[in-house]
Amino acid sequence: MQKTIQYIRAELAPFYPETEITGFIQMLMHSVLGLSYTQMILEKDRVLENSESDQIKAIVERLKTHEPIQYILGVAEFYGLELNVQPGVLIPRPETEELVDWICKTEIPASAKILDIGTGSGCIPLALKNELPAAEVMAVDVSEMALSIATENAQKHQLEVAFELADILKWEERSWPQFDVIVSNPPYVMERERELMEANVVEHEPELALFVSDTDPLIFYRAIAQFASKQLNKSGFLFFEINENLGDEMVELVKQLGFKSIELRRDLNGKNRMLRCQK
């Protein structure tokens with residue numbers, strides 16, 4: 001075990017910071033050997049089977065190409081849930097957990113009707129349903145692959161969420177129920193920001209879920225806010241995860257559509273990444 005850990009550190013040192021490698025080691029040992037961090041320490045003298053060593057070496061080689069470890073292992077942790085992930089969906093982020101936490105701490109009806117737009121892996125609606133079991137939760141996405149993965153995750157955790165195929169840019173083409181809460185983490189990375197992003201994101205995660213044009217970066221927010229102005233119940237809440245560089249523009253957008261109690265919130269890194277407003 002100790003030699004294996006030393007091997008992982010040595011091989012990945014040229015590619016990742018020490019703290020990230022430590023996280024990789026814990027995830028690898030849990031995935032390949034089924035060991036928790038404490039068990040890993042207690043079994044430091046354990047001799048690995050050849051098959052286990054080979055599996056770890058194969059994962060390390062893939063990590064050297066900056067392939068996200070969540071895609072390699074096929075799972076990601078989100079708000080207490082282990083979710084299946086594949087390259088067709090975004091890997092859930094800590095700041096999205098903060099958005100979910102904000103919703104859970106907002107005074108909404110116990111049996112609230114909640115809609116998540118652009119659900120991806122289903123992380124937001126599944127976490128909300130897990131925390132708010134009496135809520136009626138619906139989620140939509142334009143990607144059939146994403147909906148398939150989200151449905152798998154719902155079944156995995158036995159959480160009842162209604163997943164539907166829908167393009168929110170064409171929301172007026174179908175009928176919708178009314179909601180108490182609408183939440184979305186839509187594509188918001190501008191093309192000009194691409195070169196500032198990590199290789200593991202740009203080269204492996206789905207562009208459809210990440211990027212918007214430099215000329216109209218608020219395209220999804222505008223459509224969703226217009227939709228919410230019609231489909232939210234009175235005093236219903238609209239929550240967004242946002243581009244940290246577009247906070248003022250987002251406030252102006254929802255203000256022009258008549259929303260009130262507008263609040264920008266910083267994430268743990270001090271960046272404006274969330275917005276909440278009320279109809």
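Tutor: Let's start with a word we'll need: a residue is buried at under 20% relative accessible area, exposed at over 50%, and partly exposed in between, using a 1.4 Å probe and protein chains only.

Student: Okay, and what kind of model is this?

Tutor: It's a predicted model, where local features need pLDDT of at least 70 and side-chain atom pairs count only at pLDDT 80 or more, while totals for chains, interfaces and linings use all residues. Residues are numbered from 1 along each chain as its sequence is written, and side-chain values use heavy atoms, with hydrogens and water left out.

Student: Where does Asn153 lie?

Tutor: Asn153 lies in helix H8. Helices (H or I, at least four residues) and strands (E, at least two) are DSSP runs, numbered from the N terminus.

Student: And what does Asn153 touch?

Tutor: Leaving out residues up to four places away in sequence, Asn153 touches Leu83, Asn84, Ser121 and Leu126. Touching, or contact, means heavy atoms within 4.5 Å.

Student: New topic: how many salt bridges are there?

Tutor: A search of the whole structure turns up 15. To count, a side-chain nitrogen of Lys or Arg has to be within 4 Å of a carboxyl oxygen of Asp or Glu.

Student: Which residue pairs up with Glu82?

Tutor: Glu82 meets Lys156 in a salt bridge, at 3.4 Å from N to O. That pair links distant parts of the chain: Glu82 is in strand E2 (residues 81-84), Lys156 is in helix H8 (residues 144-157), and they are 74 residues apart.

Student: Why does Glu82 count as partly exposed?

Tutor: Because Glu82 has 27% relative accessibility. Lys156 is partly exposed as well, with a relative accessible area of 35%.

Student: What about Arg46, which residue does it bridge to?

Tutor: Arg46 forms a salt bridge with Glu52, and their closest N and O atoms are 3.3 Å apart. Arg46 is partly exposed at 26% relative accessibility, whereas Glu52 is buried at 14%.

Student: And what does Arg265 meet?

Tutor: The side chain of Arg265 meets that of Glu263 in a salt bridge, 3.8 Å from N to O. There's also a network, in which salt bridges with shared partners join Glu11, Glu61 and Lys64.

Student: Let's switch to helices. At what angle do H6 and H7 cross?

Tutor: At roughly 35°, with the axes of H6 (residues 94-104) and H7 (residues 123-131) coming within 10 Å. Axes are lines fitted to C-alpha atoms, for helices over the stretch in contact, and angles run from 0 to 180 degrees between N-to-C directions.

Student: Is the crossing left-handed or right-handed?

Tutor: The crossing of H6 and H7 is right-handed. That's when the near helix is turned clockwise from the far one by less than a right angle, while anticlockwise makes a crossing left-handed.

Student: Which residues make the contact?

Tutor: H6 brings Thr96, Leu99, Val100, Ile103 and Cys104, and H7 brings Ile124, Ala127, Leu128 and Glu131. They split into 7 nonpolar, 1 polar and 1 charged. Here Ala, Val, Leu, Ile, Met, Phe, Trp, Tyr, Cys and Pro are nonpolar, Asp, Glu, Lys and Arg are charged, and the others, Gly among them, are polar.

Student: What covers the buried residues of H6?

Tutor: The cover includes strand E1 (75-78), H7, E6, E9, strand E10 (260-266) and E11. Among the buried residues of H6 are Glu95, Trp102 and Ile103.

Student: Last topic: which residues of the largest nonpolar core touch the most other members?

Tutor: Those are Leu115, Trp176, Ile182, Phe227, Leu238 and Phe240, out of 32 residues. A nonpolar core is a set of buried Ala, Val, Leu, Ile, Met, Phe, Trp, Tyr and Cys residues joined through side-chain atoms within 4.5 Å.

Student: Which element gives the most to this core?

Tutor: H10 does, with 6 residues. A second, separate core has 31 residues, including Leu83 and Phe163.

Student: H10 also holds Gln231. What is Gln231 in contact with?

Tutor: Setting aside neighbours within four places in sequence, Gln231 contacts Trp176, Pro177, Gln178 and Phe179. Gln231 counts as buried, at 11% relative accessibility.
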